[in-house]
Amino acid sequence: MPKSASAGIASGQCLCGRVAFEIDVPARWAWHDHSATSRRAHGAAYATYVGSWRKRFRIISGVDVISRYEDPTAKATRSFCGICGSPLFYERAHSPHMVNISRALFAARTGREPLYHVAIEEAPDWAY
């Protein structure tokens with residue numbers, strides 16, 4: 001199989017199901033983000049993301065209900081379902097060809113295990 005060929009598709013959706021998306025697998029990378037901004041955006045000790053090339057990512061339904069928050073300081077955009085509030089996508093200005101997707105929204109494997117820990121120095125003392 002050529003390097004650019006997909007090994008399949010991984011599908012995901014928000015809590016209410018209005019926003020559905022898919023990526024070609026394997027995903028590019030996966031990691032746990034312990035940064036304060038991701039912690040607040042997800043309301044959890046850390047967020048786990050799957051990174052995909054934008055050209056291998058598709059929104060299947062619900063584009064009309066996606067809300068976006070643009071953080072000018074971080075030069076990043078976070079997308080949420082405007083109906084149920086699920087955190088969906090995280091995009092960074094310095095990486096315009098990539099989209100990072102909340103791992104928990106996928107129903108099955110994405111071809112990458114989250115092996116990396118980003119901003120571990122920002123992990124709160126209550127998270128262990």
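What is the order of the open sheet of three strands, and in which sense does it pair? I read the order as 1-2-5, with antiparallel pairing. I took strands as DSSP runs (E, at least two residues), numbered from the N terminus. Two strands pair if DSSP finds at least two bridges between them.

**Ground rules.** I am working on a predicted model, where local features need pLDDT of at least 70, side-chain atom pairs count only at pLDDT 80 or more, and totals for chains, interfaces and linings use all residues. I number residues from 1 along each chain as its sequence is written, and side-chain values use heavy atoms, with hydrogens and water left out.

Entry: I then followed strand 1 into strand 2 (residues 20-25): six bridges, antiparallel. Ser11 has Glu22 in strand 2 as its bridge partner.

Entry: I found a second open sheet, ordered 6-7-8-9-4-3-10, with mixed pairing. Strand 6 and strand 10 (116-118) have a single partner strand each, so one side of each is left without a neighbour in the sheet. Here the twist averages 30 degrees from one strand to the next. Strand 6 (residues 66-71) and strand 7 (residues 76-81) run antiparallel and are joined by six bridges. I checked Ser67: its bridge partner in strand 7 is Phe80. The two strands form a hairpin with four residues between them, and Lys75 in the turn has a positive phi of about 55 degrees. Further in, strand 4 (residues 47-53) and strand 9 (residues 98-102) pair antiparallel over five bridges. Gly51 has Asn100 in strand 9 as its partner.

**Entry: rings.** I count seven aromatic pairs. My cut-off: ring centres of Phe, Tyr and Trp (its six-membered ring) within 6.5 Å; planes under 30 degrees apart are stacked, over 60 edge-to-face, the rest tilted. Phe21 and Phe57 form a tilted pair, 6.5 Å centre to centre and 40 degrees between the planes. Phe21 lies in strand 2 and Phe57 in strand 5, so the pair ties together parts 36 residues apart in sequence. Phe21 is buried at 1% relative accessible area, and Phe57 is buried at 13%. The scale: buried is under 20%, exposed over 50%, partly exposed in between (1.4 Å probe, protein chains only). Ring pairs link Phe21, Phe57, Phe89 and Phe106 into a cluster.

**Entry: cores.** Which residues touch the most other members of the largest nonpolar core? They are Ile23, Leu88, Phe89 and Ile101, out of 19 residues. A core here is a set of buried Ala, Val, Leu, Ile, Met, Phe, Trp, Tyr and Cys residues joined through side-chain atoms within 4.5 Å. Strand 2 gives the most, with three. Apart from this core lies another, of five residues, among them Trp31, Ala47, Ala76 and Tyr90.

**Entry: Ser86.** Buried or exposed? Ser86 counts as buried, at 9% relative accessibility. Ser86 sits in the loop between strand 7 and strand 8 (87-92). Beyond four places in sequence, Ser86 touches Cys14, Leu15, Ser79, Phe80 and Cys81 (contact: heavy atoms within 4.5 Å).

Technical notes:
Axes fitted to C-alpha atoms, helices over the stretch in contact; angles between N-to-C directions.
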